[in-house]
Amino acid sequence: MIGLAPHLDPRLFADDLPQVPTRNGYGEGLVLAGEADPHVVALCADLTESTRTEAFKEKFPDRFVEVGVAEQNLVTVAAGMAACGKIPFTTSYAMFSPGRNWEQIRTTACYNDQPVKVVGSHAGVSVGPDGATHQALEDIALMRVLPNMVVVCPTDALEARRATVAIAQHGQPTYLRLSRAKVPQITTEQTPFTLGRAEAYCDGDDVAIVACGQMVYRALVAARDLAAAGIRARVINCHTVKPLDAATLVRAAEETGAVVTAEEHQVAGGLGSAVAELLVQRHPVPMQLVGVQDRFGESGEPDELLEAFGLTADAIAQAARAVVARKRGASAPAR
Amino acid sequence: MVLTDDDLLRLQATANRIRQDVIEMLVAAGSGHSAGPLGMADVFTALYFRVLRHDPRRPDWPERDRLVLSNGHICPVLYATMAEAGYFPVEELATLRKLGSRLQGHPHRQKLPGLETSSGPLGSGLSQAAGMALVAQRDGLRWRTYCLMSDGEQEEGNTWEAVMFAAKYRLHSLCAIMDRNNIQIDGHTEDVMPLDSIRAKYEAFNWHVLEIDGHNFEQIVGACDEARAIYERPTLIVAHTIPGKGVDYMENRYEWHGSPPDAANVPGAPPKGKQAAVALAELRTLGGRIRSEHE
């Protein structure tokens, strides 16, 4: 038994746990945000259907802008609209936005401090058969180094919906990272969600596993497997990569003394780096980073790729055993 | 006649003061761009003292026309014009590029009231101006959007994304003004990357295009008036200008694109240490010469 939060979907480890892409939650959230505030507008770069911007376009045709395949224009037009009081959501694939238009995001959204929302769908290797050119694995790093920028990577579709509604109203430039593939739907309406706050979904004092995106689900599976071996893991959903919830993460490091991070992103510059930057200054503990190890993606089915790139519950559990061993002074190799 | 003789004299005198401000602020800063700001002094004067609907006492007036400076590096002329128009004290111009100044080396919206956007990296101003014009069009607002851009930044892909976009959405309240001075940092534009025929290019993209002498107030104001009458299309005004205009040794020398007076040895220029004094002396006595070009 592990100390799971009671608000998660009770089918968490069952075969019938629903699977939904986070982009679907974004599409629903965008309509809700548009209903709540007439200043919300949406811009898209020729990917309206696959980024799930279509529902907003149909409901609010006068508040939708099609810019064509032009990601630099996408965010700069949005910055101009934001300067006139609009709250623009710009959608494309993460590889193209923020992949191609970083300087425009930096200067016209962040430096201007305009509430432009950069929504990058199809992030991570789980994009699948399209291959490495379309698998953004560096986007969190690109966005998290920018002053004023908020970075959110929802764990499932429901959280993506709630995150979309929340970022529409907080007045800051924001990066929202979404998936193409279906991911486990683990949260419920009862699950707490606040931008900037990391939530522990599972209690434990032997090791903390800090994850974002669909890796939260895999971290929970790892926690279940670790429990069988007598290791009690605390699993933290760190959906807001910037600003980090320092209080929750430092407390986790203090109380567990060992930290693993897990993300569908390069280990350089992503969530793991962010957590390491925090802890090395506030409470250094043995750490291990699960993520993509300085390589490009490739074609395959989403689950095959996650397996091939070591983005699995087994990899997280192995990393957890390694940091626990290091904490206890044993000479465990660092994988 | 768009302008009376009195109007013309006043605009010429203002532009001359702005040119002197530009020289003085660049010398005080010790770095910055000379050629573009001097070349665009007449266009900026016409805009802020004749064309724009704006109120220096209320820089956030919702009904104001929007002016986006895309090529942020010519901001000395923007700052000098804004100061002369009353946005802030002229004395503050001496803080250009200094630590703590509101007058950053490239414009920063959050530092100085009256700036619509931060700029410097080239090719992004027209997109932002198009976004503003789209809001005005969709929300039925009457203000107009002006985007000032350089000729060199026509080499940026982002510019052409915006050109297509503005034509698609028929942004008739958008008026772009290009400083066609034919120079950029590495040399003459037609050597670095040929732009001609820039007029044919924009016309092919469904823009309305006007070409003017960028030192002729009648033509500058007249073109902005004509742009107002164009419906269903954005307008580009190609303002042919002389880089370094008003300072003889700087005119048409690309070497002055990125250097302030007294900082560079350029063929034909006075020695370092004497350049600013020569430039100011020339400007203070050149009223007749500049006026002659409008007759």
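User: What do buried, exposed and partly exposed stand for here?

Analyst: Buried means under 20% relative accessible area, exposed means over 50%, and partly exposed lies in between, with a 1.4 Å probe and protein chains only. This is a predicted model, in which local features need pLDDT of at least 70 and side-chain atom pairs count only at pLDDT 80 or more, while totals for chains, interfaces and linings use all residues. Residues are numbered from 1 along each chain as its sequence is written, chains are lettered from A, and side-chain values use heavy atoms, without hydrogens and water. By the definition above, B:Y48 and B:Y87 are both buried.

User: Why is the pair of B:Y48 and B:Y87 called edge-to-face?

Analyst: Rings of Phe, Tyr and Trp (its six-membered ring) pair if their centres lie within 6.5 Å, and planes under 30 degrees apart count as stacked, over 60 as edge-to-face and the rest as tilted. The centres of B:Y48 and B:Y87 are 6.2 Å apart and the planes stand at 85 degrees, so this pair is edge-to-face.

User: What makes the pair of B:W160 and B:F205 tilted?

Analyst: With centres 5.2 Å apart, the rings of B:W160 and B:F205 have their planes at 45 degrees, so the pair is tilted.

User: Why is B:W160 called buried, and why is B:F205 called partly exposed?

Analyst: B:W160 has a relative accessible area of 17%, and is therefore buried, whereas B:F205 has 29% and is therefore partly exposed.
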